[in-house]
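The notes below follow the order in which I looked things up.

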Amino acid sequence: PATLTSALLSQSLKEMESLVMEHLGGVQDEPLFLGTAAKLLYFVGHHDLALELAETALDQDVSHAATLMMYAQLQMLEGDLDCALEYYDFALQHSTDDQFRSMIMPRCWATARNAMPPYCRLLPCYRSNSGNNCCA
């Protein structure tokens, strides 16, 4: 079952990557979709493109908490914890939804403690880096 789960995850990531790349042109003016695409592309190894898309999403809308949280997550994965904490703080300031705020806080705490989120261990980039910082 563990091998099956890993194979399914790998297949699913490849399929999502293909779909995102195919439809990327259609979301260039939609910061939330652009941010979501950036996050997925980062996880499958397109770091530079993902960071560029994330910055584009921020340029279009810096007032949306989800866009700010996505950018914070990417900065955390890049190892820029100070920047990540700053953007998590911006996300908290722009969020009026208690449920969303409860999603941001654990990420913020983990970043402050320099802890890697548990989901990184499932990603192929984590396993290929022998357990080093996810996707580094």
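Where is Phe100 found? I place Phe100 in helix 6, residues 98-112. I keep in mind that this is a predicted model.

**Entry: Phe100**

I looked up the accessibility of Phe100. With a relative accessibility of 15%, Phe100 falls under the 20% limit, so I note Phe100 as buried. Setting aside neighbours within four places in sequence, I list Ala65, Ala66, Met69 and Ser95 as the contacts of Phe100. I checked one of these pairs by distance: Phe100 and Ala65 are 35 residues apart in sequence, and their C-alpha atoms are 8.5 Å apart in space.

**Entry: the whole chain**

I then stepped back to the fold. I find 7 helices and 0 strands, and the pattern along the sequence reads α-α-α-α-α-α-α. Of the 136 residues in the protein, 38% are buried. Among contacts with a separation of 6 or more, 49% join residues 24 or more positions apart.

**Entry: helix 2 on its own**

I went to helix 2, residues 31-43, and checked its span. With 13 residues at 1.5 Å a residue, helix 2 should span 18 Å; I find its end C-alpha atoms 18 Å apart, so the two values agree. For buried residues of helix 2 I wrote down Pro31, Leu34, Gly35, Ala37, Ala38, Leu40, Leu41, Tyr42 and Phe43.

**Entry: helix 2 against helix 3**

How do helix 2 and helix 3 pack, and at what angle? I read an angle of about 160° between helix 2 and helix 3 (residues 47-60), with the axes 8 Å apart. Because angles over 145 degrees count as roughly antiparallel, I class helix 2 and helix 3 that way. The crossing of helix 2 past helix 3 is left-handed. On the helix 2 side, the contact is made by Pro31, Leu34, Gly35, Ala38, Leu41 and Tyr42. On the helix 3 side, I list His47, Leu49, Ala50, Leu51, Leu53, Ala54, Thr56, Ala57 and Gln60.

**Entry: helix 2 against helix 4**

I repeated the look-up for helix 4, residues 65-78. Helix 2 and helix 4 pack at about 20°, with their axes 9 Å apart. The angle is under 35 degrees, and therefore I note helix 2 and helix 4 as roughly parallel. Helix 2 passes helix 4 in a left-handed crossing. From helix 2, I have Pro31, Leu32, Gly35, Ala38, Lys39, Tyr42 and Phe43 in this contact. They meet Ala66, Thr67, Met70, Gln73, Leu74, Leu77 and Glu78 of helix 4. I record the classes here as 9 nonpolar, 3 polar and 2 charged.

**Entry: Thr67**

Is Thr67 buried or exposed? Thr67 lies in helix 4, and its relative accessibility is 2%, so I count Thr67 as buried. Not counting residues up to four places away in sequence, Thr67 touches Pro31, Leu32, Ala57, Leu58 and Asp61.

Definitions and conventions: Residues are numbered from 1 along each chain as its sequence is written. This is a predicted model: local features need pLDDT of at least 70, side-chain atom pairs count only at pLDDT 80 or more; totals for chains, interfaces and linings use all residues. Side-chain values use heavy atoms; hydrogens and water are left out. Helices (H or I, at least four residues) and strands (E, at least two) are DSSP runs, numbered from the N terminus. The expected span of a helix is 1.5 Å times one less than its number of residues. Buried means under 20% relative accessible area, exposed over 50%, partly exposed in between (1.4 Å probe, protein chains only). Axes are lines fitted to C-alpha atoms, for helices over the stretch in contact, and angles run from 0 to 180 degrees between N-to-C directions. Angles under 35 degrees count as roughly parallel, over 145 as roughly antiparallel, 65 to 115 as roughly perpendicular and the rest as oblique. A crossing is left-handed if the near helix is turned anticlockwise from the far one by less than a right angle, and right-handed if clockwise. Contact means heavy atoms within 4.5 Å. Ala, Val, Leu, Ile, Met, Phe, Trp, Tyr, Cys and Pro count as nonpolar, Asp, Glu, Lys and Arg as charged, and the others, Gly among them, as polar.
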